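Hi there,

Here is the structure I promised to pass on to you. Have a look at it first, and then read on for what I found in it.

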Amino acid sequence: MSNKIIEKAPAGAGTELDVLIIGAGVSGLYQLHLMREKGLTARICEAGSGIGGTWFWNRYPGARLDSESPSYQYLFSEELYRNWTWSERFATQAEVEAWLNYVADSLALRQDIDLDTAVTSAVWDESILRWTVQTSRGTTLRPRFVIACCGMLSAPLTDQFPGQTLFKGQIFHTARWPATGANLAGKRVGVIGTGATGIQVVQALAPVAGELTVFVRTPHYALPMQNVQYSAVEIEAYKSNFRALQDQLPVSFGGFDFAPEYAWADLSPEKRLEILEACYSDGSLKFWLASFAELFVDEEVNAEISAFIRAKMRARLNDDRLSEILVPADYGFGTRRVPLENGFLEAFLQPNVHAVPVKSNPIAAVTPTGLQLADGTVHELDAIIMATGFDAGTGAFARIDFRGRDGLSLRDHWQKGVSTAFGLQMNGFPNLFMTGAPLAPSAALCNMPICLQFQNEWIADCIEHVLENGGHVIEPTAQIEREWVEHHDLVAASVLMSKTDSWYVGSNVAGKPRRLLAYAGGADAYRTRCLEIAESGYSGFDIH
Ligand code: NAP
């Protein structure tokens with residue numbers, strides 16, 4: 001590739017590394033780059049056979065961004081930004097995956113990435129102040145620091161129904177979609193789940209499948225995406241905007257280039273409606289994140305905005321039975337992750353697409369030929385697509401057997417209650433850093449690359465600080481972790497999403513302790529707090 005930014009970079013081979021990074025997604029790639037910039041030896045272990053993390057694994061039909069491509073970006077290099085060209089406003093999975101491969105090539109990262117290498121355990125060794133890390137390849141690494149960039153949504157809920165192994169057709173989880181694709185043309189396909197993933201699958205497969213049967217437990221609010229293919233003029237316009245994005249996104253509430261401009265209480269009903277219509281027409285997440293901030297905290301405002309969207313959905317469907325199944329009735333707009341869609345509702349108006357409600361008549365089992373509901377009804381299928389989501393936030397970290405000081409198990413630690421200091425570290429786990437982990441905005445209440453970059457940079461500066469000051473170990477005190485959790489809970493109690501069941505609060509996984517996973521006080525406030533800590537010489541963190 002002609003646009004190499006770094007021609008040479010130090011190789012991080014060997015078992016006694018400075019830093020082991022887990023995951024070669026958006027976060028891990030940048031973390032590796034930063035570690036090299038600091039002159040440290042670092043390697044990535046990546047479970048997948050390719051680069052891209054989420055964008056490697058989630059290659060199901062219809063997968064695409066719902067942040068706008070020009071702002072779903074790294075902001076540290078204008079050259080890196082300008083030398084990649086997005087073809088559309090909301091890029092496909094394939095394009096995002098290609099972009100991340102471009103990033104890896106441009107920064108010459110590949111030589112320090114071990115693919116097909118899952119980290120299975122990481123045990124802190126107090127005698128040498130290093131982690132002992134085992135991988136699925138049987139290798140052992142002894143880094144001083146581990147940075148777990150495992151992903152917020154990368155532990156898929158795959159085994160959900162009795163009888164799954166007996167099914168004679170094909171069965172897929174969307175986050176484990178085969179690289180070779182799947183030929184579903186003309187087949188009887190069942191889709192379980194109507195979250196952001198299920199919505200994208202349904203609208204992509206409706207024109208392809210012979211019969212598409214969608215099993216709907218909790219419908220989502222449908223917010224239409226206005227996607228456009230970029231012209232040469234639009235490409236130059238978005239590229240020219242780099243400096244503005246670089247200045248604005250990191251200090252914004254959610255890592256986006258829009259924010260609410262008006263307060264609901266200050267406006268007449270007519271003016272409110274005008275703003276709602278304008279945000280709706282924008283066809284982006286602006287309607288959710290930048291129409292009226294009150295929708296997150298005020299039940300009455302939320303009810304009015306929910307009614308606005310419901311009316312739009314009913315008008316699109318123009319069918320009472322479908323509206324009953326597909327229009328949310330028992331929770332407020334924006335209290336679960338709002339996905340953008342493109343013809344999702346209209347897909348159900350096609351004769352080959354069927355909506356089956358499964359709230360009061362749940363899926364009981366997979367049979368050799370289809371899906372059986374509690375009342376005994378069997379839906380005969382050739383293929384089942386499980387868009388059933390993830391053990392979010394904690395899942396990807398907890399499937400690694402992390403053992404901190406005195407053998408403390410991360411799984412046990414979190415089973416009692418999900419707790420971190422700023423989503424960056426945990427007491428009892430020296431020299432373990434995390435990104436996209438619980439109790440930070442990057443745990444999904446943010447445009448992910450923007451919030452992840454901040455965490456990556458904070459971690460890199462922190463490790464540099466420790467080493468430059470002759471330290472070996474850094475760990476948050478139990479007190480600062482407790483204080484952060486208390487602050488997080490206080491903020492969480494004020495937002496309506498804490499009260500609605502969803503993966504945001506862990507209620508989609510049986511037995512998972514309930515806590516809002518993402519910090520809801522804003523990426524800007526989070527950033528300010530984390531920078532204060534750094535400027536204070538990492539007060540609240542024990543360095544020795
Ligand atoms: P999800 O939002 O957790 O949705 C899972 C779906 O499966 C829900 O509809 C759920 O119903 C259903 N389900 C689970 N178990 C079921 C069962 N036993 N019976 C019937 N239905 C069942 O997961 P997701 O759609 O994969 O999305 C997760 C997150 O990934 C999103 O919120 C988003 O942050 C991210 N994502 C982003 C994009 C994008 O940016 N373009 C695309 C896809 C995903 P209930 O709601 O009733 O539990």
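Let's begin at the ligand: one of its oxygen atoms sits 3.0 Å from a polar backbone atom of Thr194. There is also a ligand oxygen 3.1 Å from a polar backbone atom of Ala196. A side chain takes part as well, with an N or O atom of Arg337 lying 3.2 Å from an oxygen of the ligand. On its own the ligand has 910 Å² of accessible area, and the protein covers 87% of that.

The average pLDDT of the protein is 95, and 97% of the residues reach at least 70. Residues 1-13 are another matter: there the pLDDT is below 50, although the stretch has 35 contacts in the model beyond near neighbours in sequence. Where pLDDT is low, the predicted coordinates should not be read in detail.

Lastly, the salt bridges. Side chains of opposite charge can pair when their charged atoms come close. The count here is 26. One of them joins Lys38 and Asp461, whose closest N and O atoms are 2.8 Å apart. Lys38 is in the loop between helix 1 (26-37) and strand 2 (42-45), while Asp461 is in helix 15 (residues 448-468), so this pair ties together parts 423 residues apart in sequence.

Enjoy exploring!

Methods. Residues numbered from 1 in each chain as written. Predicted model: local features only at pLDDT ≥ 70, side-chain atom pairs only at ≥ 80, totals over all residues. Heavy atoms only, no water. Polar contact = N/O pair within 3.5 Å; in protein donor to acceptor, adjacent residues only side chain to side chain. Areas by Shrake-Rupley, 256 points an atom, 1.4 Å probe, with all protein chains shown as cover. pLDDT = per-residue confidence, 0-100. Contact = heavy atoms within 4.5 Å. Salt bridge = Lys/Arg side-chain N within 4 Å of Asp/Glu carboxyl O. Helix = DSSP H or I, 4+ residues; strand = E, 2+ residues; numbered from the N terminus.
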